[in-house]
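Trainee: I have a structure open and want to talk it through. Can we start with the terms and then go to the contacts?

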Amino acid sequence: MLKDITLGQYLPLNSPLHRMDPRTKILGLILLLVGIFTVEGSIGYALMIAFTLFVVLLSRVPLKMYVRGLKPLWFIIVFTGLLNLFLTPGTTIYVNGYSLHMTYEGAVLAVKMAIRLILLIISSAVLTYTTSPISLTDGIEKLLYPFTKIGLPAHELAMMMSIAIRFIPTLIEETEKISKAQQARGADFGSGGIIQRAKALVPMLVPLFISAFRRADELAVAMESRCYRGGTGRTRLHPIHFRLLDLWTGVVLVSLIGVIIALRFV
Amino acid sequence: MGITIRNLEHIYMEGSPFETKSLSGINLEIQDGEFVGLIGHTGSGKSTLIQHLNGLLKPQKGEIIVNGISTLDKDADLKKLRSEVGLVFQYPEHQLFEETVYKDVAFGPKNQGLSEDEVRARVTEALHYVGLDESMFDKSPFELSGGQKRRVAIAGVLAMRPKTLILDEPAAGLDPASREEILTQIRALYLNSKMTVILVSHSMEDVARIAGRIIVMNQGKIDMDGKVAEVFGEAERLRAMGLDVPQVSRLVKALKERGIPIDENIYTIEKAKAAIMLLMKDKREA
Ligand SMILES: Nc1ncnc2c1ncn2[C@@H]1O[C@H](COP(=O)(O)OP(=O)(O)OP(=O)(O)O)[C@@H](O)[C@H]1O
Ligand SMILES: [Mg+2]
């Protein structure tokens, strides 16, 4: 169940995208998101789809991983699709017995929204599949660095994020282990009313919190005993570099989004 | 009626780049009343195997029949299965959650839907089995020592009165005295009740001392399966798997190689001591 959430899992492969500076990828994703939300017209959509497909192939991540990432969100995609289909005013193309109007405009909007959602999910997945959590937070720290002048604790934020990301799999694993152990003692997490189900979670949450606090404590001690004093004066094992590849990526992305915006507003 | 496993296979995270085949081609028959030691190096699939025995994991291929019921059967009563096959996980003290020792041990029997009196009787019995008396009942499990916590957790499974008891590394991470005590208690429990016990362990000494049959796992497969003497007789094969025979057994073998007439099938310190004392006595008398 918990293991099915593949969104946000790094796959250690070797592709140009894996080697790219995380800052390029983060800013690139932001640009792509802008593109996805402004795109209009068939040429624009074709461009966006083609580019996303290109990036997906470039990432060398198996296609089925992307499909799996989409799976938990099918419901949302279909649901918003249906809403758009029936609730958009316009030329009616079909009416059923319950006076639900399916309109032409609604159908177009439903398809557009579905494409946007899918592109959105896939392009975020590209980032998380090709960027290790560490380099992701490194990238964010570097990007936020200019804001330290106005008092933003960039390093601390990034550190908090990497710790949180680092412990997600551990917590999932731990949750599974504890839930199995309690199930072995006859605990039943799946049946009964809401209150009963909430109560059934206690045997799982208490040990989970205890172990989370213990881990946090141990981690703090381990960091202090290795002289962790925050970000000042800290150097990196793997410094991130802006290379030629990143420059070209930037050029391509900016032109693409430029075209998308031009298509929309000009 | 025992446990039958046929052609069991298990793959973790199938279809992802991280997939690991943790069990393959497992065929096994465990009779009621056996004491089985399950050994194998780290990652050999021991924990994965035992989680199949109470239906926490379902066979991806093959089948498991516990007391006449297949765990794949859609109508199989998993709750009943889990109270018949008690499973104590590795580091079970991490699953304690109640305010008092008593309440925590009562969690299992309460889930079985037993009456208040019956629950009390079982909890008291289980805690006595693991050597904890009434003075501990109202303490918070979190203020106990590691070894005591471990015992409370084991009692939590015992209180369900399982027909089969499976323990995953029950003595791991304890000091020698607590180790000794827990293993002795398990042995006593086995002898006094008619339970089937499956003990997972890294320690050859522990297994040699208390198990009747040993199953050796290697890379997801059963590599050896037999009486203690048969398995430890093949020291070379065990060593090739990164395991070892008990130290005492090495000593006995070395003595034998030097021409001292000692029984080769000795795996515990007590027996070795007795045998050596006897030899010394014979020698003195001669
Ligand atoms: N929840 C899980 N997800 C993915 N892989 C797992 C999981 N649990 C175990 N594995 C893998 O399956 C294999 C068998 O693991 P298992 O825990 O059964 O070994 P074990 O014999 O109990 O080892 P140990 O003696 O260290 O407890 C290992 O390679 C392990 O990495
Ligand atoms: Mg294990």
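Mentor: First a term: a residue is called buried under 20% relative accessible area, exposed over 50%, and partly exposed in between. Keep in mind that this is a predicted model.

Trainee: Where does A:Arg215 fall, then, partly exposed or buried?

Mentor: A:Arg215 has a relative accessible area of 25%, so it is partly exposed. Its side chain meets that of A:Glu174 in a salt bridge, 2.5 Å from N to O. A:Glu174 sits in helix α8 of chain A and A:Arg215 in helix α9 of chain A, so the pair ties together parts 41 residues apart in sequence.

Trainee: And A:Glu174, buried or exposed?

Mentor: A:Glu174 counts as buried, because its relative accessibility is 6%.

Trainee: What does A:Glu141 pair with?

Mentor: The side chain of A:Glu141 forms a salt bridge with that of A:Arg236, at 3.1 Å from N to O. A:Glu141 belongs to helix α7 (residues 133-144) of chain A and A:Arg236 to the loop between α9 and α10 of chain A, so this pair ties together parts that are 95 residues apart in sequence. A:Glu141 is buried at 12% relative accessibility, whereas A:Arg236 is partly exposed at 32%.

Trainee: Which residues form a salt bridge between A and B?

Mentor: A:Arg185 and B:Asp104, with the closest N and O atoms 3.0 Å apart. Five residue pairs are in polar contact across the interface of chain A and chain B. On the side of chain A that touches chain B, the elements giving two or more residues are α4 (63-70), α8 (154-184) and α9 (194-225) of chain A. By class, that side of chain A has 13 nonpolar, three polar and seven charged residues.

Trainee: How much area do chain A and chain B bury?

Mentor: About 2,000 Å² between them, 62% of it on carbon and sulfur atoms. In chain A, A:Lys180, A:Ala184 and A:Arg185 lose the most area to chain B, together 36% of what that side buries. As for residues in contact, 23 of chain A meet 27 of chain B.

Trainee: Back to B:Asp104. What do the buried residues of α3(B) pack against?

Mentor: They pack against α8 and α9 of chain A, together with α4 and α5 of chain B. B:Asp104 is one of those buried residues, and B:Tyr102 and B:Phe107 are also among them. Eight of the 11 residues of α3(B) are buried, so the helix is largely enclosed by the rest of the structure. After α3(B) comes B:Gly113, with a positive phi near 80 degrees.

Trainee: What about α4(B), how many residues has it?

Mentor: Helix α4 (residues 116-129) of chain B has 14 residues and reaches 20 Å from its first C-alpha to its last, close to the 20 Å expected. Its buried residues include B:Val119, B:Arg122 and B:Leu127. Among what covers them are α3 (101-111) and α5 (146-158) of chain B.

Trainee: Changing topic: what is the phi of A:Arg60?

Mentor: Near 60 degrees, a positive value in a residue other than glycine. A:Arg60 lies in the loop between α3 (41-58) and α4 of chain A, and it counts as exposed at 54% relative accessibility.

Conventions:
Residues numbered from 1 in each chain as written. Chains lettered and ligands numbered in written order. Predicted model: local features only at pLDDT ≥ 70, side-chain atom pairs only at ≥ 80, totals over all residues. Heavy atoms only, no water. Helix = DSSP H or I, 4+ residues; strand = E, 2+ residues; numbered from the N terminus. Expected span 1.5 Å × (residues − 1). Buried < 20%, exposed > 50% of the residue type's maximum accessible area, 1.4 Å probe, protein only. Contact = heavy atoms within 4.5 Å. Buried area = accessible area lost by both parts, 1.4 Å probe. Salt bridge = Lys/Arg side-chain N within 4 Å of Asp/Glu carboxyl O. Polar contact = N/O pair within 3.5 Å; in protein donor to acceptor, adjacent residues only side chain to side chain. Nonpolar A, V, L, I, M, F, W, Y, C, P; charged D, E, K, R; others polar.
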